[in-house]
Number of protein chains: 4
Amino acid sequence: HARGRKPWKLILQIVKIAFITIQLVSFGLSNQMVVTFKEENLMTFKHLFLKDYVDGGMDTYALYRQSDTYDHIYHIITQVSGFCKNSKNKWITFNNGAHSGRIKVDLETDVDINECRDWKVSGASAKSIYLTVLFDCLIVVMCITSFTLCTRSIINGILLQHEYTSYYRKRCGKHVPWLDKLEFVNGWYILIIVSDTLTIIGSILKMEIQTKVVTNYDVCSIFLGVGTMFVWIGVIRYMGYFRKYNILILTLRAAFPNVIRFICCAGIIYLSYCFCGWIVLGPFHEKFRTLNTVSECLFSLINGDDMFPTFVNMKQKSSLVWIFSRVYLYTFVSLFIYMILSLFITIITDTYDTIKQQQQSGVPTSELQK
Amino acid sequence: HARGRKPWKLILQIVKIAFITIQLVSFGLSNQMVVTFKEENLMTFKHLFLKDYVDGGMDTYALYRQSDTYDHIYHIITQVSGFCKNSKNKWITFNNGAHSGRIKVDLETDVDINECRDWKVSGASAKSIYLTVLFDCLIVVMCITSFTLCTRSIINGILLQHEYTSYYRKRCGKHVPWLDKLEFVNGWYILIIVSDTLTIIGSILKMEIQTKVVTNYDVCSIFLGVGTMFVWIGVIRYMGYFRKYNILILTLRAAFPNVIRFICCAGIIYLSYCFCGWIVLGPFHEKFRTLNTVSECLFSLINGDDMFPTFVNMKQKSSLVWIFSRVYLYTFVSLFIYMILSLFITIITDTYDTIKQQQQSGVPTSELQK
Amino acid sequence: HARGRKPWKLILQIVKIAFITIQLVSFGLSNQMVVTFKEENLMTFKHLFLKDYVDGGMDTYALYRQSDTYDHIYHIITQVSGFCKNSKNKWITFNNGAHSGRIKVDLETDVDINECRDWKVSGASAKSIYLTVLFDCLIVVMCITSFTLCTRSIINGILLQHEYTSYYRKRCGKHVPWLDKLEFVNGWYILIIVSDTLTIIGSILKMEIQTKVVTNYDVCSIFLGVGTMFVWIGVIRYMGYFRKYNILILTLRAAFPNVIRFICCAGIIYLSYCFCGWIVLGPFHEKFRTLNTVSECLFSLINGDDMFPTFVNMKQKSSLVWIFSRVYLYTFVSLFIYMILSLFITIITDTYDTIKQQQQSGVPTSELQK
Amino acid sequence: HARGRKPWKLILQIVKIAFITIQLVSFGLSNQMVVTFKEENLMTFKHLFLKDYVDGGMDTYALYRQSDTYDHIYHIITQVSGFCKNSKNKWITFNNGAHSGRIKVDLETDVDINECRDWKVSGASAKSIYLTVLFDCLIVVMCITSFTLCTRSIINGILLQHEYTSYYRKRCGKHVPWLDKLEFVNGWYILIIVSDTLTIIGSILKMEIQTKVVTNYDVCSIFLGVGTMFVWIGVIRYMGYFRKYNILILTLRAAFPNVIRFICCAGIIYLSYCFCGWIVLGPFHEKFRTLNTVSECLFSLINGDDMFPTFVNMKQKSSLVWIFSRVYLYTFVSLFIYMILSLFITIITDTYDTIKQQQQSGVPTSELQK
């Protein structure tokens, strides 16, 4: 166990967490403003260019007659010609894809999250952008340092494991078990390495957005977000140094493989319900229309979603389907909420008891710990 | 125990699962398209033929005056005469069933899931239909093979059981217990046989739909759906071969009779609440109008449905009923969520502990396993 | 223990359950029809007499100007004078109670659940009414028989208890414990007596409704409903004869006092949250307006109601109240869902284990059972 | 342990609880009336002064064209000039903050909870106000008495602890453990002191509101509300005197530190999900717009909020974000509902078992109790 770390290593991690969080919050706050602006702007354009548009009614905003379609196009042309708010491009789509006689209309603008200009709106000057970029650079440097330190520790661990393996093979004539080999690799270091990598890529993307008007916002935010998430989850490791906290973390870790195993079993039953519900109830309920929404609907039902609307909105065309839908929903909910959820609780309780007894009796779990 | 199966039997099952799933998904995707078309088409007709129709307002689309009724009929006649979109039949119903002065209007079309024509819409030719039918035939052949193999295994099991019974009677002079007799019949084989039968019927119906324009879609989808569901549930059996998974499956199986027993007890209390709620609260709350919706409402309440609207929408005509409704809802929810749900968890936990101890001590459960 | 009952006593109970259920279902179905008629009728009148009435908009149907009020009254007078649908009385209320400048308008009719006339609507003749009343009489007779039998059994039990008490005092010189005395009184008989009493009163009221046009429907339905509910709960007793069912029923019964005790503790914390939420959050959220809705809202929150709207709809006037509302909701939900719900599960689990061990070891629980 | 209190001390507390509750309820009921008046009044003004205002549509009540803005202002001026309902001030805001072309309009009045005038509305005279103030004074006196008594008891406890500490140090030569020192300070007394302080401040503020037309209603209600809440929680203490109740209270108290510890661990994972969800999903879903709503949304999801809308309303612009949102929501809900909730139950169950065994074996928990 490589636990004798120097304190400055810990300090680096703490400062890193603080800086990454500040970076994320400032990034989030600036985006928040931009998103509000975009939304209100889109709403304005819809009110100006779409005839008889009513707020929140985009789902049912559609045309059914040839004359209506001409009227709407004429209205748009009149409005656009006499109006020049700003130079953003607008797309108005007339969607007649299904040839069903219903033409859906949609409007979109290209107001991307254009940092530079929006910073100006909130009073930001070139100076503040430079400062932000500097701050991002600092974070990249810290992450690289943390990355190299953790990589070194992991390499040391692997070297030690190789030594131990050859020593063990000589003395006992047996191969070291797979699980004992894993003991040499500290999982927390791997977590830190992954989070550092993600944060570095995210920060570089963020700097590019702020300087070169590259607007791949989604990818950048996923990297930064997941990076920050892993950094914070890493904090739990420091809690494990206190004995009372340790049992909880150990239980979560020990229960993990059992939970995954159980999720596999439950997942197959779940999948079979998904297939069956999709094919039979698809034409009769909007929530069962696609395989994806069936899965979301069933998952939500287990976790306390409104069940009554699901029951009631089932179109009651044929009584056979009606009976099937009732049997389907009652058995699914009973099976998953009562049996499978209870079994989850049982697994966790069982693991906790095992861990507690191990701690009290002090029995080593593997050959290595002896 | 008939566990020494040849690997090609396993391969047959795996290939069968894959093929059935592909069949189901392709069937589902094609239906999905048809259903969307049907819905948009119906919406178009409603907008064209029903006067002043507003999207989503079918519940309140009703007439209250004689003159309005004449107006609406005149509007429909005008629209239909000057319009000839396609040759589908449309039914417009004026429903005055309750003689209450309120006439509900509804519109329906007969666009059934007419595979042939819709395949054309998505660019499908006669060739692709033949391929689909061939694929279905292949599945039917596989299911018949699987069906005969499993039937043979079950017959072998029953023969073995008869031998054992006569041997046991001679040697011990006692009758073989009922549960020991059941040990010879592998439940998984029965599951496969049932799923094969359902899939065969479903596939034949599907072929008829695609070739002979028979449109009994609902029955076909129920057979195919439930068949696929059972096939997938059968996959759990292969997981039982791994020891760690086995305990979960064993617990689920062992807890099953206890859970069913407990559901009977809870079901009676549930039923008594249903009757009482229906008769007393029926006139005061829409969810308690029919015995069926009462059951759905109460079931949903236990499993996390919105309770507040149920409380609030109770019409407050008489204070006696108001007090009753509060007592009714508070006691029902407390009883079912706190006592009965907890007892479920207890039953499962208890079963798990029993199974675990049995596995650790290795005590046989019946005479036969000795 | 008075367990050696003759089988015809059991048969009486079973026939009684069947008859009472049939009575309830037929009563419920006829009311269901009447309620639908009443609702559609009320809707029709609202559309005819209230100016610019829109379906479902009764909450916001109000007047704000003097001229509007005159217009509405004039509209009503015109409609009523030229219209004579039937002789039912209608009340239209102009509610200016709060002197706030907002006048709410409401319309009500006096279509009570007038059985006689409505039976005619569904084609019922005088004959069918006589049959119904006969059926009700039969139920009353059965309930009186069941009532007398159970009363006799209870009186026997009490006599036996007196004998035992005097015998015990002579022999042991001690008083019989309170709990042992209760053992002589069979709780199930008391349940049957209560349900019989309720059903008799309910059936008599029902007969009066059907013959003498007394229309106290609510009271009748509460008596019949609660009576039927208790009759059905009594069925659980017969399940206790099977050993495996018995443990569940015993657990529920044994856990009951502990659960009640715990509900008292939790209830006090609950009440304190209710008071606090009402006084502080009342002016800022509609759900916290009255003490009654606060209780319903909090109860619903624990049992899986939508929490997000409760958070979001909190009017954000003062930041102090905003912070308070967050602390209030987070602590309440955490405390009740995580700690108190878990403790419930613990209590039930503990009781189940105790009962199970008692059954296995066969230790008697009181002096009497020895 | 200072348990030998005289009964009049208990009586004081009970009378105090009764009086504080009466004060709170009467305060709440009077405010309830005022709030209803305010709301209806505000609604009236909106209908009178805002052009084309529709009930419940304040979210979408906005202007998009220059001409519309002029129209609305003109309409307001016309209405206000010809109208003089009462002398309250009204503010109408035209909010063009985001420069997005959308101008939100809002109306507010300054009808504060002006007790004096509103008392008049409900027929209250100067006499009733004096009585109310007298009642408040009585409560203040009772709270001060209770406060001084409890403070005395706590001081006695501390003195006793000092004596014990010096005695213990002499005899055993060791320092008294920190936890043993705490045993001398009765936590319930501290609770009572805190609640008394809050109630005194709240009552004084309430008297000022009723006499001097100071209208700091929010602060007053928070003090009174939290004070009353603590007073009621203090009632649990008296329940602890019964042995059966005691185990529940002891379990809650003993589990508390473990629960807090576990909440810290879970809170960090929770926080990491909040950060990640906010930055990535913020622009695509309204619930993830601000860090605060993200936290509320996730907390609600764990506790049974509608999950399906959260899934469905995710704007499906980029498939990368779509996949991320699914992974994010599925893992979050599974982790928190299945693992962490189960661990909570485990902790409570474990604590209960420990407490129960301690009570049965009668082992003292600390040096002091010996």
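**Entry 1: the axis.** I looked up which residue of chain B comes closest to the rotation axis, and Gly304(B) does, with its C-alpha at 3.1 Å. The axis belongs to the superposition of chain B on chain C, a rotation of 90° with 0.0 Å of shift and an RMSD of 0.1 Å. That is the relation of a four-fold axis. The copies were superposed by least squares on C-alpha atoms of residues with pLDDT of at least 70 in both.

**Entry 2: ground rules.** I note that this is a predicted model, in which local features need pLDDT of at least 70 and side-chain atom pairs count only at pLDDT 80 or more, while totals for chains, interfaces and linings use all residues. Residues are numbered from 1 along each chain as its sequence is written, chains are lettered from A and ligands numbered from 1 in the order in which they are written, and side-chain values use heavy atoms, without hydrogens and water.

**Entry 3: chains B and C.** I looked up the contact (heavy atoms within 4.5 Å) and found 56 residues from chain B and 63 residues from chain C. Only 7% of the interface residues of chain B are also interface residues in chain C, so the copies meet through different surfaces. The buried area is about 5700 Å², 70% of it from carbon and sulfur atoms; this is the accessible area (1.4 Å probe) that two parts lose on being put together, summed over both.

I then looked up salt bridges, meaning a side-chain nitrogen of Lys or Arg within 4 Å of a carboxyl oxygen of Asp or Glu. The count between chain B and chain C is 3. Asp350(B) forms a salt bridge with Lys356(C), with the closest N and O atoms 2.9 Å apart. On the side of chain B that touches chain C, the elements giving two or more residues are α9 (243-281), α11 (308-312) and α12 (319-361). The most come from α12(B), with 18 residues. Helices here are DSSP runs (H or I, at least four residues), numbered from the N terminus.

**Entry 4: chains D and A.** I found 56 residues of chain D in contact with 63 residues of chain A. The area buried between them is about 5600 Å². The rule finds 3 salt bridges here. Lys356(A) forms a salt bridge with Asp350(D), and their closest N and O atoms are 3.0 Å apart.

**Entry 5: a helix of chain A.** I checked α4 (residues 126-172) of chain A: at 1.5 Å a residue its 47 residues should span 69 Å, and its end C-alpha atoms are 68 Å apart, which agrees. The expected span is 1.5 Å times one less than the number of residues. After α4(A) comes Gly173(A), with a positive phi near 70°.
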